[in-house]
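Colleague: I would like to go through this model and ask what stands behind each label. Please show it to me.

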Amino acid sequence: LEFADETPAGDEVFTSHGVTVFVDPKSLPYIDGTELDYAREGLNEGFKFNNPNVKNECGCGESFNV
């Protein structure tokens, strides 16, 4: 996940509630069906991903296997 100032060529574009997400075609099958939410928990806040395709993930939640 990284911020983009312009639309990368060939990326799929998804917009909802004022947030625009760009996904490259190679990654799209791995995140198909993923729900993106913005959550606040105590002093922490940020985007949360719920990917129904995940079989297992690392302890920090930054990588996963499908």
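Modeller: What follows is a set of questions about the labels, each answered with a value and a cut-off.

Modeller: This is a predicted model, so local features need pLDDT of at least 70 and side-chain atom pairs count only at pLDDT 80 or more, while totals for chains, interfaces and linings use all residues. Residues are numbered from 1 along each chain as its sequence is written, and side-chain values use heavy atoms, with hydrogens and water left out.

Colleague: How many helices and strands are in the chain, and what makes a run count as one?

Modeller: The chain has one helix and six strands. Helices are DSSP runs of H or I with at least four residues, strands are DSSP runs of E with at least two, and both are numbered from the N terminus. In sequence order the pattern reads β-β-α-β-β-β-β.

Colleague: Why are strand E1 and strand E2 said to pair?

Modeller: Two strands pair if DSSP finds at least two bridges between them. E1 (residues 12–16) and E2 (residues 19–23) have five bridges, in the antiparallel sense, so they count as paired. One of the bridges links Ser16 to Val19 in E2.

Colleague: What makes E3 and E4 a pair?

Modeller: Seven bridges join E3 to E4, and the two strands run antiparallel. Among the bridge partners in E4 are Lys48 for Asp37 and Asn50 for Glu35. E3 and E4 form a hairpin with two residues between them, and Gly42 in the turn has a positive phi of about 65 degrees.

Colleague: What is the phi of His17, and where does His17 lie?

Modeller: His17 lies in the loop between E1 and E2. The hairpin of E1 and E2 has two residues between the strands. Phi of His17 is near 55 degrees, which is positive in a residue other than glycine. Most residues other than glycine have a negative phi.

Colleague: Why is His17 called exposed?

Modeller: Exposed means over 50% relative accessible area, buried means under 20%, and partly exposed lies in between (1.4 Å probe, protein chains only). His17 has 82% relative accessibility, so His17 counts as exposed.

Colleague: Why are Glu2 and Glu6 given that label?

Modeller: Glu2 is exposed because its relative accessibility is 75%. Glu6 is exposed because its relative accessible area is 63%. For Glu6 and Phe22, 16 residues apart along the chain, the C-alpha separation is 9.6 Å.

Colleague: What share of the chain is buried?

Modeller: Buried residues are 8% of the 66 residues. The accessible surface comes to about 6000 Å², with 49% belonging to carbon and sulfur atoms. Such areas come from the Shrake-Rupley method with a 1.4 Å probe, and for residues only the protein chains shown count as cover.

Colleague: How do you know which residues Pro25 is in contact with?

Modeller: Contact means heavy atoms within 4.5 Å. Leaving aside neighbours within four places in sequence, Pro25 is in contact with Gly10 and Asp11. Pro25 lies in the loop between E2 and H1. Pro25 and Asp11 are 14 residues apart in sequence and 6.1 Å apart from C-alpha to C-alpha. Across the chain, residues 24 or more positions apart account for 9% of the contacts with a separation of 6 or more.

Colleague: Which elements supply the lining of the largest pocket?

Modeller: E1, E2, helix H1 (28–31), strand E3 (35–41) and strand E4 (44–50) each supply at least two residues of that lining. The largest share, five residues, comes from E2.

Colleague: What is the make-up of the lining by class?

Modeller: The lining of the largest pocket has 18 nonpolar, 10 polar and seven charged residues. Ala, Val, Leu, Ile, Met, Phe, Trp, Tyr, Cys and Pro count as nonpolar, Asp, Glu, Lys and Arg as charged, and the others, Gly among them, as polar.
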